[in-house]
Amino acid sequence: MASVGKKLFGTSGIRGEIGSEVTGELALNVGKSLSYYLGNEGTVVLGYDTRTTSKMLNQAITAGLVESGVNVIKVGMVPTPLVGYATDRLGADAGIMITASHNPSKYNGIKIWDKNGMAYTPEQESEIEDIYLNKKYVNVGWDKIGSITENNEIKKVYMDDLLSMVNIEPGFKVVIDCASGAGSEISPIVFRRAGCEVITLNSQVDGFFPGRNPEPNDANLGSLKKVVKATGADLGIAHDGDADRMMAVDETGKVVNFDKLLALVASEFGGTVVTTVDAGFIMDEELEKVCGNVLRTPVGDVAVADGILKNNASFGGEPSGTWLHPDFCMCPDGLLSGLRLADIVSHKGPLSKLLDQMPDYPNIREKVTCSKEDKVKIMENMDEELENAFDDIKEINTIDGVRISLNDGSWVLVRPSGTENYIRITLEAKTEEKANEIKNICLDIINSHL
Ligand code: MG
């Protein structure tokens, strides 16, 4: 199946390689399964990203939905957050986005939202999975087939609503790199309408992602870094393939420290903010200054959204640049994240200075490639193995992977990727030596199984 272990759904919906793991047939039957789950009635908002296979899956899932009695509102090629937003604002029963987010071109996937624009929880996903795997879905009679309509108006409503959330100083200069993904058509327009001077990069729609890999990390943002510096821009914004994420390049042409960026924005909100087990302790330090507090959840935007709702939090985010704005919508939104960052930097910047005011703690993010089977095997006794390897442990947290905190404040998280074949090591320490020492201990444990 399309994700870790035997399950259909991974940490971010269904995702896998086209042809072998994700097929038109799968999309058709997932459509029927969702219809069954909704009682073979109601309405679903459907969007897709720029991948070459997205239109095919879009058609297949539409057929499945209507044949099982659900109406489909097609919103076309749009950023993922627009699907969450439209589901909420149009009063639909669910939303579906066809995307594999930051994965390379040959992947695709399906992600589902509830009526509030919040991603389906693992419990809801396993109900869909049960219907799908046990073929419980049914077709309705010819006279109960769902309708198919298109809604282009919602794009304008979404953009207007985004603009009402910010007040960016006029003339702020920003370079936007959309990876030729789903943000390409809307993101540059929104920033222009917000009064920014916009330079676009990789903002022509292309499912092969010719300009760069859609994962917005330092290694993939070489062009953006150069263009920001060369044009004297105030900020560079990079989206992932479906624009629910955003990563920033400061005015000196550097990709910023993810944890510091998250801490900067979170402390603007104050109060209770939510983040994940892989976020650094700078967030706690900065929130303390504004009398706020930080809650940690497992990795993934669903867990963060759940944490926000349960704790009535003001903001939530992951260091990956997936930020949730509960005052707007429960779907992570890379466009609003970028606009809000531009808003802060335009009034208080430059960005490098805002981030330099925070202390630098050495951190390491490393991934070890291994098979799906090895992922399971390596993680099997990871808690015990790490416990034996360190002698100054303060706390062990196993809500997602294994997170060890040491008495000197250092911490490390060893966690299998939910969407790709990696084990990730994420750590932070007060000194470089300690960081490397922790990394090597973890690598030794992982490599002993390979
Ligand atoms: Mg994404």
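This is a predicted model: local features need pLDDT of at least 70, side-chain atom pairs count only at pLDDT 80 or more; totals for chains, interfaces and linings use all residues.
Residues are numbered from 1 along each chain as its sequence is written. Local features were required to have pLDDT of at least 70 and side-chain atom pairs pLDDT 80 or more, whereas totals for chains, interfaces and linings use all residues, and side-chain values rest on heavy atoms, without hydrogens or water.

The protein chain contains 15 helices and 19 strands, these being DSSP runs (helices H or I, at least four residues; strands E, at least two) numbered from the N terminus. Of its 450 residues, 60% are buried, that is, under 20% relative accessible area with a 1.4 Å probe and protein chains only. Among contacts (heavy atoms within 4.5 Å) between residues at least 6 apart in sequence, 67% join residues at least 24 apart.

The magnesium ion has as protein donors Ser-101 (OG), Asp-240 (OD), Asp-242 (OD) and Asp-244 (OD), at 2.0 to 2.1 Å, where donors are N, O and S atoms within 2.8 Å of the metal (3.2 Å for Na, K and Ca) and water is not among the atoms, so sites may look incomplete. Ser-101, in the loop between β4 (94-98) and β5 (107-113), and Asp-240, in the loop between β9 (235-239) and β10 (246-249), are 139 residues apart and link distant parts of the chain. Ser-101 is buried at 6% relative accessible area, and Asp-240 is likewise buried, at 0%.

Helix α11 (residues 334-348) comprises 15 residues, of which 13 are buried, so that α11 is largely enclosed by the rest of the structure. Its N-terminal end is capped by Asp-333, a side-chain oxygen of which lies 2.9 Å from the backbone nitrogen of Leu-335.

Conventions. The expected span of a helix is 1.5 Å times one less than its number of residues. Buried means under 20% relative accessible area, exposed over 50%, partly exposed in between (1.4 Å probe, protein chains only). A polar contact is a pair of N or O atoms within 3.5 Å; within protein, one must be able to donate a hydrogen and the other to accept it, and residues adjacent in sequence count only if both atoms are side-chain atoms.
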